[in-house]
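Q: Please take a close look at the aromatic ring pairs in this model. Then move on to its pockets.

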Amino acid sequence: MNIDNENRLIQQIQLRPATGSIFQPTGFPDVGAAEFLRPEYADGNDGGRPSTRKCLLVESAQSMANHLEGAGWDVAKQEPVVELAGLPWVRVVAKSDGRFLTASRLEAHRLAASYIKDATLDGRDFKEVIRERFGLRDKTPVDYRRIARAIFELDPLCLLHGVFFAEKANVWPGQPKIARALTAIVEAVDIEPVISGGVKRDIVSHSASEGAGSKEGYGSIPFHRQEFAAAEINLHVSLDRLQLRSYGLGKDAAQLLEAVALWEVRTVLDRGLRLRTACDFVPIGDLGLPTTAELSTRVGEAAKKCAELLGPTGPIDVVWED
């Protein structure tokens, strides 16, 4: 079901494997692939027991957030792509030689990452900078609008993908959290396991029996693998427009955040959703989204309108003592 109104944008985009028919889903330690039964209610259902379809979580929300953010990062240059170059972000450099280490666009915890919160900005502890900009004080309600504005000035993408300042209460009172406004997952429907295998051959030691010295990497070692085929594979995208407005940053800022969100989704689909070596998808049919060129123009125009809110463009350098 697709929804497009003033409060929500929800889209389902059908995918297929880029090569062949099978794919390798995400796996979890000690759990494996996330298989589940999805209830299916018939039209006009009066509360009876639903039928079920065997489904699979191909890519989780947290992993998809990384892929979406990655669309806006130039790995070769270690900086945001041209389309997002006008937005602020935090760059972490080493104190010893000034070399690039990481950035708020790369870290799992974004602005709350250890390399950022334990760094310094203009000689000041960055944890203290955040506390001051957020207006965090003991026995005082958290002002989420003030926090949203401060984050917008540091890295507005955190207002799309979420950030949790989970330091001790005496460091960041209230431990403020921004939930994801943009969520995406990939699910497969009517799945069937595909069991296969192979062998790592030792072409040097021909006399070694299978498995001999395998701990050290020697010998011919057989292995098995499990992949899946599915009748349907869908990317589900949800953008909470109501949350974007709740930041209190104004219409232009909300439009900027939405334009960036849609640009990320469209860019990921245009490039091909290559999640892993054996998990590569391409979309089927109309995407129901503006082109990347149109969205790039939207981002640029909205950023100009938000120039005063955004402050200086480009990286904000913090120093980490390595």
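Rings and pockets

A: Start with W320, which is partly exposed at 24% relative accessibility. Partly exposed means between buried, under 20% relative accessible area, and exposed, over 50% (1.4 Å probe, protein chains only). Y115 falls in that middle range too, with a relative accessible area of 38%.

This is a predicted model: local features need pLDDT of at least 70, side-chain atom pairs count only at pLDDT 80 or more, and totals for chains, interfaces and linings use all residues. Residues are numbered from 1 along each chain as its sequence is written, and side-chain values use heavy atoms, without hydrogens and water.

How many aromatic pairs does the structure hold? There are 6 aromatic pairs. One of them joins Y115 and W320: their ring centres are 4.9 Å apart and their planes meet at 65 degrees, so the pair is edge-to-face. Rings of Phe, Tyr and Trp (its six-membered ring) pair with centres within 6.5 Å; planes under 30 degrees apart are stacked, over 60 edge-to-face, the rest tilted. Y115 belongs to helix α2, residues 114–117, and W320 to strand β18, residues 315–320, so this pair ties together parts 205 residues apart in sequence. Helices (H or I, at least four residues) and strands (E, at least two) are DSSP runs, numbered from the N terminus. Elsewhere, W73, W89 and F100 form a cluster linked by ring pairs.

The largest pocket holds about 290 Å³ of space. Its lining counts 15 residues, and N66, H67, G70, A71 and R271 are the closest to its centre. The biggest share comes from α1, with 3 residues.

A pocket is an open set of 1 Å grid points over the protein atoms alone, where a 1.4 Å probe fits, with protein on both sides within 12 Å along at least five of seven lines; lining residues have an atom within 4 Å of a point. Volume is the space filled by probe spheres set on the points, which are joined across faces, edges and corners.

The second largest pocket has a volume of about 240 Å³. It is lined by 13 residues, and A108, H109, R110, G162 and R180 are the closest to its centre.
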